[in-house]
Amino acid sequence: MSFETLSIITAVAASLLGLGWLTAGKLMIRRWGGDPGDMALVNGRRIGAAYLSFALLFFLAHSTTSTELITALSIVGLSANGLLGMLGLYEFLMRRVNASMFLSIAVELCLAIGFARILLA
């Protein structure tokens, strides 16, 4: 898969997550079996803004030919998605979230693998 394609996929996924956290935080938290208290919703909206920024970054850079930029963004994509996937698995193993977390884990780990493949190519 090319960096251009993976960047667009990342931008779409991050946009959906960002909009979800900004507009439907209670649903996002309940989906994982959590309690949507006020602070959780505040943090969810802030995370939504970060996801939308992440989406914009990858969308704007999707057609770059700069090897240095592709490498830097691939490192960011690998580390962010890898960490999110591992944190999701950890929270599941600690029984703080339910099994619906696995959809998020799967998407994050697939994106991380995609960015790792770009780095290794």
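Student: At roughly what angle do the axes of α4 and α5 cross?

Tutor: This is a predicted model, in which local features need pLDDT of at least 70, side-chain atom pairs count only at pLDDT 80 or more, and totals for chains, interfaces and linings use all residues. Residues are numbered from 1 along each chain as its sequence is written, and side-chain values use heavy atoms, with hydrogens and water left out. Helices are DSSP runs of H or I with at least four residues, numbered from the N terminus; axes are lines fitted to C-alpha atoms over the stretch in contact, with angles from 0 to 180 degrees between N-to-C directions. The axes of α4 and α5 come within 8 Å, and their crossing angle is roughly 150°.

Student: What is the handedness of the crossing of α1 and α3?

Tutor: The axes of α1 and α3 (residues 38-61) come within 7 Å and cross at roughly 160°, so the two helices are roughly antiparallel. A crossing is left-handed if the near helix is turned anticlockwise from the far one by less than a right angle, and right-handed if clockwise. For α1 and α3 the crossing is left-handed.

Student: Is A14 buried or exposed?

Tutor: A14 belongs to α1 (residues 3-23). Buried means under 20% relative accessible area, exposed over 50% and partly exposed in between, with a 1.4 Å probe and protein chains only. Because its relative accessibility is 4%, A14 is buried.

Student: Which helix gives the most to the nonpolar patch?

Tutor: Patches join residues with over 30% relative accessible area and no salt bridge, like charges within 9 Å and nonpolar side chains (Val, Leu, Ile, Met, Phe, Trp, Tyr) within 5 Å. Here L89, Y90, L93, M94 and F102 form the nonpolar patch, with about 470 Å² of accessible area together, by the Shrake-Rupley method with a 1.4 Å probe. M94 sits in the loop between α4 and α5 (101-120). With 3 residues, the leading contributor is α4 (residues 67-93).

Student: How far apart are the closest N and O atoms of R96 and E91?

Tutor: A salt bridge places a side-chain nitrogen of Lys or Arg within 4 Å of a carboxyl oxygen of Asp or Glu, and the whole structure holds 1. R96 is partly exposed at 46%, and E91 is partly exposed at 24%. In the salt bridge of R96 with E91, the closest N and O atoms are separated by 2.5 Å.

Terms used:
Angles under 35 degrees count as roughly parallel, over 145 as roughly antiparallel, 65 to 115 as roughly perpendicular and the rest as oblique.
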